[in-house]
Amino acid sequence: MALVPITYKGGVYRHDIIVDLIDDLGGYIVQKHMIAQEVVLQSLVPKDDIELIRKVGRPLGGEVFESPLVGTEIAVVSPSLDIHHLPHTSCDVAEYLRRSGAKTNMIGLSRGFGKRIANLNIEERDIINEHDCAIFMLGNFEDCIKHKLPALRRGIHVPLILTGGPDKEALKAITDPPVEGYVGGIGRIGHRMKKQEGEIEFLDDMVDEVSTVLGIKREDMSKDELSISPARLMSIIEEDLSVIKTSTHPTPITIQIAGLRLKIPYDDYFKYVRAIEVDKGIKIEDIAEVLPSRMRNYIWIKIRPFSETNIMV
C-alpha cells in the first residue's frame, strides 16, 4: 500500500475523529502541532483515501493539502554562522521547507567562508550525511561558488541542491561534476523574503527542486525496498519506548526516507532499541543498523533493504 504525504489543518474541536480515521486507514501521523485553537497533522496516508479524509474533515472546518516533503529530514548548510550568511536567507529557506512538511536542520560551517580557505571538517561532513539531502546556501558571485563548492562537497554522499545568486543555468555551468539540484536567485539577501515576484517564487522553486531530487531518490530505493517502512517503525518504537512519550522535544522521533532519528541518549538506550521486537521473532537489530548520531548524543537508525536482510515486515 503506497502512502503519500499530506497535511491536515483544522480546529482542535473533535480533531480526534481525523486522528482515528488516519489510524483506521493504515496511515501514520508523523507530526502533530496544536497552536491555540488550530491543529496541524502531518501524515502519511493511502493515496486512495485522501478524498475520504477531506470529506470527513470538511464539516469540522479542516483542510487537506499535499505536502511532498513530509517524512524527510533536510540539512540547510550555510558557509558560516556570521551575519553575512545568517539568518535571513537560511531561515527563510528552512522555514519554507518546513511548511511543506520537511524537518530541517540548519548547519553553519566553522570554516565555510573565504574563497581560498573554505573547507568542511569531519564532524560537519558526518552530520550532513545523516540527512536525506543537503541544501548548500552559497553567495552571489559565480567565481566564489566555483572555487568553494569542490571543497565543501568533499565526502558528502547525500543528494545536494545548490543555491546562489546566479540563475539556475549559470549554476549548472560552473558546477563540475554536477550536483542533483540547482536553484538560482537565492544568494545573500539582507532582509526577509516577502515579495512574491523575485523572492517567494524562488522559494517555491526550491520546494519543487527538493521534491524532484527526493522523488528520484525514492524511486531508486523502490527497486530494493526497505525491510520496514520508517513510519511503521516509528509507530512500533513509540508504543514500546515510554521515554519517547515524556520527551519535551517537538519531534522526539524524526522520520527520514530510509531511517529514523531518536532524540534520546545513545549510551543509555541503544541496547534496548536494538532488542525491540517489530514482528514475531524479528528485532530491530535484524532489519536495521542502530548507530550513534553525530548530532548531539542521539540514536540514528538506518533501515536496511530487503536484499540485505531477506526480511519484509
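The model is a predicted one, in which local features need pLDDT of at least 70 and side-chain atom pairs count only at pLDDT 80 or more, while totals for chains, interfaces and linings use all residues. Residues are numbered from 1 along each chain as its sequence is written, and side-chain values use heavy atoms, with hydrogens and water left out.

**First stop: H1 and H2**

Select residues 16-24, which form helix H1, together with residues 50-57, which form helix H2; helices here are DSSP runs of H or I with at least four residues, strands are runs of E with at least two, and both are numbered from the N terminus. The two helices pack at an angle of about 165°, and their axes are 10 Å apart, where axes are lines fitted to C-alpha atoms, for helices over the stretch in contact, and angles run from 0 to 180 degrees between N-to-C directions. That angle makes H1 roughly antiparallel to H2, a term for angles over 145 degrees. Now show the side chains of Ile17, Ile18, Leu21 and Ile22 in H1, which meet Leu52, Ile53, Val56 and Gly57 in H2, contact meaning heavy atoms within 4.5 Å. The residues of this contact divide into 7 nonpolar, 1 polar and no charged; Ala, Val, Leu, Ile, Met, Phe, Trp, Tyr, Cys and Pro count as nonpolar, Asp, Glu, Lys and Arg as charged, and the others, Gly among them, as polar.

**Second stop: H3 and H7**

Next select helix H3 (residues 88-99) and helix H7 (residues 196-222), which pack at an angle of about 55° with their axes 10 Å apart. H3 and H7 are therefore oblique to each other. On the H3 side, Asp92, Val93, Tyr96 and Leu97 meet Ile200, Leu203, Asp204, Met206, Val207 and Val210 in H7, and the residues of this contact divide into 8 nonpolar, no polar and 2 charged.

Centre the view on Leu233, which touches Ile228, Leu260, Val278, Ile284, Ile301 and Ile303, not counting residues up to four places away in sequence.

**Last stop: Ile117**

Finally, pick Ile117 in the loop between strand S6 (103-108) and helix H4 (122-129). At 42% relative accessibility, Ile117 counts as partly exposed, since buried means under 20% relative accessible area and exposed over 50%, with partly exposed in between (1.4 Å probe, protein chains only).

Note on methods: Parallel < 35°, antiparallel > 145°, perpendicular 65-115°, else oblique.
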